[in-house]
Amino acid sequence: MSKTHTSMQTQGPTTISILGKGAVGTALATQCRAMNLDVSVVRMHGSPMTSGSDSFKEYTLGAWLKGVSEKKPSSHWVFCTVPDDSIPDAVERVLDSWTHISMDPLSEGLQAMIHTSGVRTSQDFERVKQQGVTAASMHPIQTFHKPSVGSVGSASIQSTTNHSKSSKKDSKSLSNPFSSIQITLEGDESLLPSLVVFCEQTLQAQPIRVTQVQKQQIHAAAVLSSNFLFPNLSLASALLRDASLSPDILDPLVQSAAQKALHEGLTAISGPVARLDTQTVQRNLDALHSHPTALKRYITESEFLIHQLTELGHFEGK
């Protein structure tokens with residue numbers, strides 16, 4: 001066993017299996033294969049796809065474990081990329097299926113198990129750790145698109161925040177949505193050094209080793225800074241499109257505001273509400289009169305902003 005750990009820390013995995021075929025799993029499989037790793041995809045629900053020359057090797061859970069028990073790969077990492085709430089069930093299914101296939105401990109078939117949840121921790125793998133498997137959680141701080149209909153290895157997979165339009169030099173070249181992004185890591189100390197190397201070299205990302213508490217705080221902050229922007233930005237986009245204008249108009253403003261908000265907070269805010277320009281606010285409300293959802297959102301966000309700025313002392317003396 002110690003020999004296996006030494007191999008993983010110096011070289012990383014030689015074989016990758018991915019449980020789940022969603023947006024993150026597909027992006028991970030695509031990048032791993034682009035780096036010449038042996039990749040298999042396990043369908044936790046439904047039947048594996050067999051058509052298409054660009055498809056990954058796909059298996060049902062039972063067929064995959066049977067093959068693993070026979071081959072006993074020397075450095076085999078399993079990434080669990082199912083939805084967060086499905087991780088405990090996925091772990092139980094792997095363990096139950098393995099006991100029906102092999103009398104050996106699970107570590108004879110796989111050496112490391114890693115999930116990609118932002119809020120869950122490596123504690124979800126306590127039962128597999130009891131069978132000699134090292135475990136960790138690895139969360140990319142990024143939003144991923146679901147793949148387009150077609151091959152798992154489709155080049156259409158992109159990060160939602162990657163707006164650059166690279167030239168099509170090669171029809172087989174794929175963009176790497178992990179490139180330069182931050183990835184939080186926590187888990188077994190015997191696994192983390194090799195997982196750091198995997199993130200840096202295979203995913204070309206920037207790994208951050210964190211505690212379980214830090215990991216959960218980061219995920220909550222990521223949701224606040226990403227998911228909760230979508231309602232307002234999509235409404236702003238709809239308003240511009242209704243006026244036959246492109247949302248690209250707002251790109252510099254949104255990017256600048258995001259940087260200011262992250263690094264300077266409310267002290268850097270501008271705009272009619274912060275300046276108490278009531279006439280401007282009223283004109284905005286008039287312009288939104290035919291868009292009731294945007295109007296309601298504008299009022300709600302303005303009230304919340306006023307409350308925050310009042311607590312900050314922003315309006316004192318005004």
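## A pair in the sheet

Met138 stands opposite Leu185 in strand S7. The two strands involved are S6 (residues 134–140) and S7 (residues 182–187), which pair in the antiparallel sense over five bridges; pairing requires that DSSP finds at least two bridges between two strands. In general, strands of a sheet pair through backbone hydrogen bonds, either parallel or antiparallel.

## Basis of the model

This is a predicted model, in which local features need pLDDT of at least 70 and side-chain atom pairs count only at pLDDT 80 or more, while totals for chains, interfaces and linings use all residues. Residues are numbered from 1 along each chain as its sequence is written, and side-chain values use heavy atoms, leaving out hydrogens and water.

## The whole chain

The protein chain has 12 helices and eight strands. These are DSSP runs numbered from the N terminus (helices: H or I, at least four residues; strands: E, at least two).

Of its 318 residues, 38% count as buried (under 20% relative accessible area, 1.4 Å probe, protein chains only). The chain exposes about 17700 Å², of which carbon and sulfur atoms supply 54%; the areas come from the Shrake-Rupley method with a 1.4 Å probe. Among contacts (heavy atoms within 4.5 Å) with a separation of 6 or more, 65% are between residues 24 or more positions apart.

Eight strands form an open sheet with mixed pairing, in the order S3-S2-S1-S4-S5-S6-S7-S8. Strand S3 (57–60) and strand S8 (206–209) are the edge strands, each pairing on one side only. Neighbouring strands of this sheet are turned by 25° against each other on average, direction ignored.

Helix H6 (residues 192–202) lies across strands S1 (15–19), S4 (76–80), S5 (112–115), S6, S7 and S8, and runs at about 165° to S7. Such angles run from 0 to 180 degrees between N-to-C directions, with axes fitted to C-alpha atoms, for helices over the stretch in contact.

How values were computed
Buried means under 20% relative accessible area, exposed over 50%, partly exposed in between (1.4 Å probe, protein chains only).
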